[in-house]
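Me: I would like to learn how to read a few features of a model. Please give the general idea each time, then the case at hand.

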Amino acid sequence: MTRRVQYTSNGGIDQLHLAEAATPEVGPGHVLVSVLYTGLNPLDWKMLQGGRFGTVEGSSGNGVDFSGVVAEVGSGVEDFAPGDLVYGGLPKQAQTGQLLIEDPADRLDRVPRGLGIDTAGGLYITGRTAMSGIRDLGLNEGDTLFVSGASGGVGIIVAQLARNLGARVIGSASQGNHALLRSLGVEPVTYGEGMWDNVRTLAPNGIQAAYSTQGEDEVAGLLDAGVPAERIVSIGAGPTVAETYGVSIAGEATARRDDMVWLGEAIAYGHIHVPIDRVFDVDEVQDAYRHLLTAHPAGKVLLRFPAKPLTDEQRAHLR
């Protein structure tokens with residue numbers, strides 16, 4: 001038996017609870033992963049609420065991001081072996097002690113040497129979303145990019161990718177996260193009243209592109225500020241802004257299969273920094289989501305599953 005986070009009806013965070021579940025049976029081509037960490041994303045909360053993401057019937061698992069250790073492989077699997085450190089994503093399934101991956105070629109990658117197993121556990125949604133968006137922005141060296149939510153899970157990766165491409169980045173964040181952004185070469189502004197005046201002061205010649213993690217009002221504000229619609233990527237305002245305003249909504253769904261390999265190695269080599277804001281035990285899942293949605297965390301919030309200690313060889317791999 002194993003434990004998993006699940007819910008039996010759509011609604012708020014209080015619907016999430018731990019339940020006993022049978023350990024999955026490993027068939028041909030399958031990989032069973034003993035999960036160590038799972039990353040929390042606002043998308044999980046949207047799925048929990050239902051709406052356009054569908055209504056739960058019976059019970060549903062929760063979470064997408066995960067990292068862990070391969071426990072067992074089925075016949076025909078050649079790319080993975082028991083003991084491998086791996087990471088990936090599986091919608092509405094990841095928050096469980098034993099996770100069955102039926103399509104490992106599409107869902108699973110080895111953790112590269114130097115990438116922390118905790119960091120890897122929170123990369124799938126934010127990493128793929130950021131990679132897709134930065135590609136769609138088509139940044140040029142010397143462009144000024146505005147990133148909202150620049151200290152959040154997606155924004156902090158986008159901001160650093162843009163800096164590495166030679167762009168100047170202005171990022172909005174709560175005051176408490178400004179020092180972190182400055183350490184990454186991002187010029188911070190505070191959310192709320194007066195923000196756009198501060199942006200105009202920092203960039204009197206305008207901003208050439210924007211990555212918006214907030215609602216439709218922010219998209220409208222960026223257009224009013226003179227940012228071309230084709231140079232705006234929006235991931236927080238819903239799909240209708242693409243038709244209404246002509247902006248891009250490039251997100252996780254348009255990522256490439258090799259994006260996670262590239263990003264994982266970039267983090268391992270120190271070119272991208274992904275901070276861990278806080279790690280909760282899986283028993284604290286409701287508190288973890290409340291923290292994610294209300295505390296303006298810098299970087300990732302994770303759930304940790306109890307597991308056997310890593311071997312010396314596995315620990316050496318992570319250094």
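Reply: We start with a term: helices are DSSP runs of H or I with at least four residues, numbered from the N terminus. The model shown is predicted. With that term in hand, the largest pocket can be read: helix 1 gives the largest share of its lining, 5 residues.

Me: How much space lies in the largest pocket, and which residues lie nearest its centre?

Reply: The space amounts to about 1,400 Å³. Of the 46 residues that line the largest pocket, Pro42, Lys46, Thr213, Ile235 and Gly236 lie nearest the centre. Sorted by class, the lining holds 22 nonpolar, 19 polar and 5 charged residues.

Me: Now the strands. Which way do the residues of strand 12 point, and are they buried or exposed?

Reply: Buried stands for a relative accessible area under 20%. In strand 12 (residues 209-212), Ala209 and Tyr211 point one way, while Ala210 and Ser212 point the other way. All of these residues are buried.

Me: What unit do strand 12 and strand 13 make with helix 8, and of which hand?

Reply: The hand is read with the strands pointing away from the viewer: a clockwise path from the first strand over the helix to the second is right-handed. Strand 12, helix 8 (residues 216-224) and strand 13 form a β-α-β unit, and that unit is right-handed.

Me: Next, salt bridges. How many salt bridges are there?

Reply: Side chains of opposite charge can pair when their charged atoms come close. The cut-off used here is 4 Å between a side-chain nitrogen of Lys or Arg and a carboxyl oxygen of Asp or Glu. By that rule the count is 12 salt bridges.

Me: Which residue forms a salt bridge with Arg3, and what does the pair tie together?

Reply: Asp283 is the partner of Arg3, and their closest N and O atoms are 3.2 Å apart. Arg3 lies in strand 1 (residues 2-7) and Asp283 in the loop between strand 14 (276-281) and helix 11 (285-294), so the pair ties together parts 280 residues apart in sequence. Arg3 counts as partly exposed because its relative accessibility is 29%, whereas Asp283, at 52%, counts as exposed.

Me: Which residue meets Glu252 in a salt bridge?

Reply: Arg128 does, at 2.8 Å from N to O. Glu252 is in the loop between helix 9 (240-245) and helix 10 (259-268), and Arg128 is in helix 4 (residues 124-137), so the two linked parts are distant: the residues are 124 apart. Glu252 is partly exposed, at 22% relative accessible area, but Arg128 is buried, at 10%.

Me: Where do Asp281 and Arg304 lie?

Reply: Asp281 lies in strand 14 and Arg304 in strand 15 (residues 300-304), so this pair ties together parts 23 residues apart in sequence. Their salt bridge has its closest N and O atoms 3.1 Å apart.

Note on methods:
Residues are numbered from 1 along each chain as its sequence is written. This is a predicted model: local features need pLDDT of at least 70, side-chain atom pairs count only at pLDDT 80 or more; totals for chains, interfaces and linings use all residues. Side-chain values use heavy atoms; hydrogens and water are left out. Buried means under 20% relative accessible area, exposed over 50%, partly exposed in between (1.4 Å probe, protein chains only). On a 1 Å grid over the protein atoms alone, a cavity is a set of points where a 1.4 Å probe fits but cannot get out, and a pocket is an open set with protein on both sides within 12 Å along at least five of seven lines; lining residues have an atom within 4 Å of a point. Grid points are joined across faces, edges and corners, and a volume is the space filled by probe spheres set on the points. Ala, Val, Leu, Ile, Met, Phe, Trp, Tyr, Cys and Pro count as nonpolar, Asp, Glu, Lys and Arg as charged, and the others, Gly among them, as polar.
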